[in-house]
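Have the viewer open as you read.

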Amino acid sequence: MTDVSVFNIDKEKIAIDDVIQMLSPKIILLFDIESNDIHFPLSLNLNEIQIYNGCEILLAVSLESLFKEEAKSKKRELWKNLKMIFNL
């Protein structure tokens, strides 16, 4: 992996198709958003890797929630999916 881009869509909404067209990413990690926040045409399921326009997309819980004491299972699920995406 050579480049990483971070978007905060809290202030400005951006369509997932625009991101894919501009950057041609192989992987998109989404934290704590809804499908309609990024104009995603399909339903995104939490902790489920989906392929869309040749890109692996993973929707995860908020980063903030991963730092809570009871987040052990959430961290484990995220780590399992990241290992799959990055072939670790």
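## A strand, a pocket and a pair

Ile28 sits in strand β1; strands here are DSSP runs of E with at least two residues, helices are runs of H or I with at least four, and both are numbered from the N terminus. This is a predicted model, so to speak of local features pLDDT must be at least 70, and side-chain atom pairs count only at pLDDT 80 or more, while totals for chains, interfaces and linings use all residues. Residues are numbered from 1 along each chain as its sequence is written, and side-chain values use heavy atoms, with hydrogens and water left out.

Is Ile28 buried or exposed? Ile28 counts as buried because its relative accessibility is 9% (buried is under 20% relative accessible area, exposed over 50%, partly exposed in between, with a 1.4 Å probe and protein chains only). From Ile28 to Ile16 is twelve residues in sequence and 9.3 Å in space, C-alpha to C-alpha.

Leu29 is in strand β1 too. Here is how the accessibilities line up:

| Residue | Relative accessibility | Class |
|---|---|---|
| Ile28 | 9% | buried |
| Glu77 | 26% | partly exposed |
| Leu29 | 34% | partly exposed |
| Lys80 | 41% | partly exposed |

Now for the largest pocket, with a volume of about 1000 Å³. A pocket is an open set of points on a 1 Å grid over the protein atoms alone, where a 1.4 Å probe fits, with protein on both sides within 12 Å along at least five of seven lines; lining residues have an atom within 4 Å of a point. The volume is the space filled by probe spheres set on the points, which are joined across faces, edges and corners.

There are 29 lining residues, and Ser5, Val6, Ile27, Ile28 and Leu29 lie nearest the centre. Strand β1 gives the largest share of the lining, five residues, and both α1 (16-23) and β1 (27-31) supply at least two. By class, the lining has 19 nonpolar, four polar and six charged residues.

What about charges? Side chains of opposite charge can pair when their charged atoms come close. The structure holds one salt bridge (a side-chain nitrogen of Lys or Arg within 4 Å of a carboxyl oxygen of Asp or Glu). Glu77 and Lys80 form it, with their closest N and O atoms 3.2 Å apart. These two are about one helical turn apart because they are three residues apart in helix α3 (residues 72-85).

Notes
Nonpolar A, V, L, I, M, F, W, Y, C, P; charged D, E, K, R; others polar.
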